Amino acid sequence: MIPIEHILLLSALLFIIGVLGVMLRRNVIVMFMSIELMLNAVNLSFVTFARSLDSMTGVVFIFFIIVVAAAEAVVGLSIILSIFRTRKTLNIDEFNLLKW
Amino acid sequence: MSQIWLVPAFPLLGFILNGFLGKRFGTRFVTFVGPLAVGMAFAQSLVLFFQMLEAEGNVLNEHLYTWIASGNFEAGINFTVDQLSGLYLLIITGVGFLIHVYSVGYMKGESGYYRFFAYLNLFVFFMLLLVLGDNFLLMFVGWEGVGLCSYLLIGYYFEKDSAAEAAKKAFLFNRVGDFGVLSAVMLIFLSFGSIEFATVNAEASTRLTEGGTLVTAITLLLFLGATGKSAQIPLFVWLPDAMEGPTPVSALIHAATMVTAGLYMVARLSHLFVLAPFTMNVIAVVGATTAILAATIAITQTDIKRVLAYSTVSQLGYMFLAMGVGAFSAGVFHVMTHAFFKALLFLGSGSVILAIHHEQDMRKMGALKNKLPITYVTMLLGTLAISGIPFFSGFFSKDEILWKAFSSPFGSPWLWFVGFLTAGMTAFYMFRMIYLTFHGESRVDSHVVEHVRESPLSITLPLVILAALAVIGGFFGVPHVFHVIPNGIEVYFHDFFAQIPAGHGNVSTEWTLMILSVIFALFAWFMASRLYHSGFEIASGLRSKWEWAYQLSLNKWYVDELYNSLIIQPGRLLSTHLLWGLFDQNVIDRAVNTTGAVARLVGNTIRPLQNGLIQNYALIFTLGTFLILWYMT
């Protein structure tokens, strides 16, 4: 049995990679994938805790997160697609119209 | 079932039809609906009048619905027909109907024909509401409503500056009076717990001490309202300016009905007013002063309608004199006869004005007697009535007032003397008007004079009917001294008004005073014919001899100028320098501007945060999360 700390450490590591990906990369698709990575890092912690506490609550949470993530992926990807069609770029720094 | 509500409902319906559909359906429709609405109201009024005479206690009541009920305050849409409102109903709808018919001829071809009739109907509606309401609040609705209609009708030719100004002036002067009425109504509610006329009249003597401060304050405030509506000193200056409206308006509103609203209120609350002897004296003195002041102004005016306007003010002063000496029935009687002859005179002047192409200056009239025979004869009858020539209607009512002013416990020989002088002056300026307009040399423009012809039937018919009423209307109230028939008006009003102690004086004094005033009126007639019948040498001689008096009278005692320098100019200075310059600019504007400046400053400061770079947002978001986590652990 793998100790719970190892799995949590892995989850934190994945999460940090996701955060850094969102903050540092300029490509929207990559940022988007990083967000998914963060979600799944969280999922991993949930399932770990569910297992160690012998509770189904965490598992139920995961189902919700997966559903929401799927929906979010649909919306997010279609936004990115339509932006790309008009601006011919995926560089996030170019998408700065939504400001004062 | 008495169906009182039908009376105001007809004119209201007329207003709605004319106002909303009149433009689309054209003049024929308006011509049909406008007069018919008032005619129907008149028919219903007649029915109600006779029902009222036979009813128990001479009162008909009708409860439509409860308008406001809050705590012990209750105001309903309740209508009452009694001796006073019954008579007023007949005057308003009867004279009103004739004037509507007249307007069909007079306003022919005017662009706002439908608008005119809509306003006229609305006016009749509000006036009926005023006299039918059984409580102060409903009366006040009518009171304000006639003020509104007066504004609309005076400003009928609103593209003319003078008309718009006159309308504003009338409205503002009425507002001053309305303040008095509203304050009085509040005081009445505080002291009676009710605003119904019947309760107030019945409980006045038990709830208020005679001559006390409270009752004096209430009645003085009410009288302030009456001076506004009925054009008495100090608020009379709007009425002559109101002649800017079309002539039927002058006849209906500013002679026959609306201006008598103040008198109606005083008469309605006679039981309250007799408890305040001080107010009664104020009313009598103000009435007498207004009567003579307006008469002195009327003597020199050259605009035919202005002569009649000042004559109206003067006659209203008479009526208030009657109220002030406790002769309520005589006052109301004069309201009635005055409605006949003053409506007649105004309509007659309108017929003249129409015939000579909208010229109102009497210096450009003259010798119209043969060209306008019907107008001439009817106006002459009206003049005889207003001058108090024996056996015309004005003679009986005016004489009754003069006698009461002399003999009543509230009266005095001085009041009589002022009234007596005014009566003579009335005869003088009215015959001056007749001579200048119809006699002597023609001073009408030469190219107009060939086209002068008598007005159409819709104009002359009301004149003839009103002339008949002006001649015979007085026999309704023949004074006791004649011993012929009982004094109808006193029989009619028996027990309605507050009783005042019997006056002094005997029959021979009454005869003497009556003969004196008749002689004076005949003398004034004679003087007018000497001065103005043919050639004006004597008149211009007198004028140059008494130049200052002439100027004083011609310029209306400079009352307008006085108000201008005492009230309007200081008000304007106060507004420009203190209210606008200091307070508005420095306090209100500054507060508003500062609010805006603060918002802008804050916005400028934090605006860079929203730079559109998503990764910046993500960074701040992450740092924030860490901050929260760090804080929580």
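The contact between the two chains takes 10 residues from chain B and 11 residues from chain A, where two residues count as being in contact if their C-beta atoms, placed from the backbone, lie within 7 Å. On the side of chain B that touches chain A, the residues divide into four nonpolar, five polar and one charged; here Ala, Val, Leu, Ile, Met, Phe, Trp, Tyr, Cys and Pro count as nonpolar, Asp, Glu, Lys and Arg as charged, and the others, Gly among them, as polar.

Before I go on, please keep in mind that this is a predicted model, in which local features need pLDDT of at least 70 and side-chain atom pairs count only at pLDDT 80 or more, while totals for chains, interfaces and linings use all residues. Residues are numbered from 1 along each chain as its sequence is written, and chains are lettered from A and ligands numbered from 1 in the order in which they are written.

Let me turn to helix α1 of chain A, residues 4-24; helices (H or I, at least four residues) and strands (E, at least two) are DSSP runs, numbered from the N terminus. At 1.5 Å a residue, taken over one less than the number of residues, its 21 residues should span 30 Å, and the end C-alpha atoms are 30 Å apart, which agrees. The buried residues of α1(A) are A:Gly18, A:Val19 and A:Val22, buried meaning that 20 or more other C-beta atoms lie within 10 Å of a residue's own, exposed 12 or fewer, and partly exposed in between, with C-beta atoms placed from the backbone. Seen down the axis of α1(A), these buried residues fall within an arc of 100°, so they line one face of the helix, the arc being that of the directions from the helix axis to the C-beta atoms. They pack against α2 (28-53) of chain A together with α25 (614-632) of chain B, whereas the face turned away carries exposed residues, among them A:Glu5, A:His6 and A:Leu20.

Chain B itself has 25 helices and two strands, and buried residues make up 51% of its 633 residues. Nine bridges join strand β1 (residues 60-70) of chain B to strand β2 (residues 73-81) of chain B, and the two run antiparallel; strands pair if DSSP finds at least two bridges between them. Within this pair B:His63 stands opposite B:Asn78 in β2(B), and the strands form a hairpin with two residues between them, where B:Gly71 in the turn has a positive phi of about 60°.
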